[in-house]
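Subject: Model handover

Hello,

Here is the model for you to look through.

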Protein chains: 2
Amino acid sequence: MGKIQDMVKTLHKKADTKIVLLVADGLGGLPKTKGGLTELETAVTPNLDALTRDNVCGLSIPVLPGITPGSGPGHLSLFGYDPIEFAIGRGVLEALGIDLDLGPTDVATRGNFCTVNSDGELVDRRAGRIPTETCVRLVRKLRAIRIPGVEIVVEPVREYRFVVVFRGDGLGGNVDDTDPQVTGVRPLEPKPRDTASERTASIAAAFIEQAETILRDEHPANMVMLRGFARRPPIPSIEDVCGVKAGAIAVYPMYRGLARLVGMTILPPGSTFGEQLAALRANWESYDFFFVHYKYTDSTGEDGNFDEKVRRIEELDSQVPLLLQLKPDVIMVTGDHSTPSALRSHSWHPVPVLLASATCRPDHATSFGESECLRGGLGQVQAHYLLPLALAHAGRLQKFGA
Amino acid sequence: MGKIQDMVKTLHKKADTKIVLLVADGLGGLPKTKGGLTELETAVTPNLDALTRDNVCGLSIPVLPGITPGSGPGHLSLFGYDPIEFAIGRGVLEALGIDLDLGPTDVATRGNFCTVNSDGELVDRRAGRIPTETCVRLVRKLRAIRIPGVEIVVEPVREYRFVVVFRGDGLGGNVDDTDPQVTGVRPLEPKPRDTASERTASIAAAFIEQAETILRDEHPANMVMLRGFARRPPIPSIEDVCGVKAGAIAVYPMYRGLARLVGMTILPPGSTFGEQLAALRANWESYDFFFVHYKYTDSTGEDGNFDEKVRRIEELDSQVPLLLQLKPDVIMVTGDHSTPSALRSHSWHPVPVLLASATCRPDHATSFGESECLRGGLGQVQAHYLLPLALAHAGRLQKFGA
């Protein structure tokens, strides 16, 4: 564990206080045209602005300056983990994304259906993006695969993508992708990168061989490739590190999966933000820490839809009074990364963050937005320091040293 | 040593310059009511404000975001040491606190007088908080304890607390507390946590056994417990790391002890801040670096006395012209941590810092206070980087690399 997490693990103490971490996914943005206002600055957010004025804000650096995080590292750092130390493999993230629960020794991998010619050479790495219904049908066929000594779980994701989990003893997670990333050549053999992963590689090879036979008469999806072999990182629980009983309220499975990975209890989210807050209220007495995930600030950014991202931010803001009614001791609102609609993707830009508690010092920020947050008392801070700060404001950390 | 200290150790050079580090203990604060002014912002401090305007300021993070430091780590980081790497055990700090000088292999421990019943079970872990006079008398009795091959120093602290130092060869410092933290059970045996500490544990057990006999007829203090066994950390001297001859001017013993721990010469402080500055003047030619410790900004904060903390800050400010008369090349004014009177305790909030020298760049701060320091040129900086900055401004660091 990183230094700060080691300290928190030693210093945390019980307190009768509640912390809410509200993650507006991809919150940070960019102006439509240079020098203009970002999505968050354009949005009318009287409630978040008032919270910012009365408390403290700043900018969160999800990983390191210039580094654009995926959802995995973006969230792990908000949960207090050094996202470089606790890397989550792609196979694991894909499995979490369809609500698959992984055991500590399972190896998960992403599967692609693809098209090969009669010489076995790749013609289409995505099998013409077959519809999800075809994916479901073909996955059902792949479930006939049997390999002695290992349990195999195959689940469809969407279009040409599926997940395979190999469950058994002595399976290392370090196996090379079989996707050569180009067409005109045969898919690669699964090669182990260490001795601990030799058995995994040979099981993967057997899986691919049987899949080839099963899919021989299919078209265009007549072959599979496996990518992103990974095991769950051996991650200490948030209760162990921070001393909080944590509940997660997230509509999308991947975020529930990330929360489950750090030992949070998954609470029923409903499907709207209002229902998420209702779940928060219903479980208020049972947990110390709540992670509430709001997806739409990211998906609208990914769509490149500036105005819709603005609208989704305003929707979020309109519900803040419901959150305040619960009187949390600490509220933290931020994102796991920026998703500027101008870029239609995650970005490296620091993410606005506000922290509200009775022990906040005044700063110079008067509203919740990227440039006002530059005047905030939190400064620019690495994301994995935010949870320790929230714990401090919640009276949940003892003094370090005499 | 941390990265920066390693660099400083390699890069320091001689210069005919003088640095004054003025530590106003617990300087940082909080407003009385949310959104108001802190103690420092309330205080009328024309001299510190002028220094801030003409120089550079910022906020110091004593350890890491959210971490509240004790006085030990708070000062070590201002002396340029990574406070996590050089942790100071409780026994050592207690010994420093009564001006006991510790050798590098001494093991220091805190003693508690306590009350046990006829079965040896704890009835009162603090022996009814006996008056200090009783503590002094009982400590005198404990000095009769003899253990072959080891020198034993016993000194009273206050009420039920005393210090024991075991001085001899081959004494590790890793021994468990004998205080079980609850009553109704017998005190624990001193258990070694490593082989190097086995001898220490058996010496401690012999000490406790003899103490029990000596105290048998006393009441309520008829037994002792030992806690916080520790050796002095093997710490390189400030002269070795930074190339400065350093003198310390501190009224309270613990801060003299911390200064002695890093190899500073202890100068006679007198008892008022004016007398401390007189000591500074009297020793001006003999040292390159002066650590001046002002206690009252912390003690008033611990008392929860906002107005008195304000007054003590104003007292400090009024003496600044005397300091300026000496024409130090670099003045740094900060605290080892915040002690908001609203919290009556140390806190994790960053601490205002100002650095004055001929080579300061202008920044936007116009007075010395928490929120103005957010506009300062130092930004928010970990405390152990401040001394290297002071050395740089004093022309005492060479270029790194060609």
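Predicted model: local features only at pLDDT ≥ 70, side-chain atom pairs only at ≥ 80, totals over all residues.

Residues are numbered from 1 along each chain as its sequence is written, while chains are lettered from A and ligands numbered from 1 in the order in which they are written.

**The two chains**

Chain A can be laid on chain B with an RMSD of 0.3 Å. That takes a turn of 124° and a shift of 0.3 Å along the axis. The superposition is by least squares on the C-alpha atoms of residues with pLDDT of at least 70 in both copies. The two copies are thus related as by a three-fold rotation axis. They use different surfaces: 4% of the contact residues of chain A recur in chain B.

At the interface, 23 residues of chain A are in contact with 29 residues of chain B. Contact means that the C-beta atoms of two residues, placed from the backbone, lie within 7 Å. On the chain A side, helix H1 (3-11), strand S13 (379-382) and helix H13 (386-393) each supply at least two residues. H13(A) gives the most, with four residues. Helices (H or I, at least four residues) and strands (E, at least two) are DSSP runs, numbered from the N terminus. By class, this side of chain A has 12 nonpolar, five polar and six charged residues. Ala, Val, Leu, Ile, Met, Phe, Trp, Tyr, Cys and Pro count as nonpolar, Asp, Glu, Lys and Arg as charged, and the others, Gly among them, as polar.

**Domains of chain A**

Domain 1 covers 3-85 + 236-393, and domain 2 covers 93-231. The bounds come from an automatic or database domain assignment. The domain centres, taken over C-alpha atoms, are separated by 35 Å. Eight residues of domain 1 are in contact with six residues of domain 2. Of the domain 1 side, seven residues come from helix H9 (residues 253-261) of chain A, the largest share. That side divides into four nonpolar, two polar and two charged residues.

H9(A) also meets helix H5 (residues 90-97) of chain A: the axes come within 7 Å and cross at roughly 115°. Axes are lines fitted to C-alpha atoms, for helices over the stretch in contact, and angles run from 0 to 180 degrees between N-to-C directions. H5(A) brings Leu93(A), Leu96(A) and Gly97(A) to the contact. H9(A) brings Pro253(A), Met254(A), Gly257(A), Leu258(A) and Leu261(A). Six of these residues are nonpolar, two are polar and none is charged.

**The sheets**

In chain A, eight strands form an open, mixed sheet in the order S9-S8-S10-S1-S11-S12-S2-S13. Two strands pair if DSSP finds at least two bridges between them. Strand S9 (265-266) and S13 of chain A are the edge strands, each pairing on one side only. Helix H3 (residues 46-54) of chain A packs on the sheet. It touches strand S2 (56-61), S11 and S12 of chain A, and makes about 65° with S12(A). Helix H10 (residues 273-282) of chain A lies across strand S8 (246-250) and strand S10 (289-294) of chain A, at about 175° to S10(A).

In chain B, strand S1 (residues 19-24) and strand S10 (residues 289-294) pair in the parallel sense over six bridges. Val23(B) stands opposite His293(B) there. Helix H9 (residues 253-261) of chain B lies across strand S8 (246-250), S9 and S10 of chain B, running at about 170° to S8(B).

**Strand S12 of chain A**

Is S12(A) buried or exposed? Six of its six residues are buried, so S12(A) is largely enclosed by the rest of the structure. Buried means 20 or more other C-beta atoms within 10 Å of the residue's own, with C-beta atoms placed from the backbone. Val351(A), Val353(A) and Leu355(A) point one way, and Pro352(A), Leu354(A) and Ala356(A) the other way.

S12(A) runs antiparallel to strand S11 (residues 330-334) of chain A, joined by three bridges. Met332(A) has Leu355(A) as its bridge partner, and Ile331(A) stands opposite Ala356(A). S2(A) and S12(A) also pair in the antiparallel sense, over five bridges. Here Gly58(A) is partnered by Val353(A).

Best wishes

Terms used. Buried ≥ 20, exposed ≤ 12 C-beta atoms within 10 Å, placed from the backbone.
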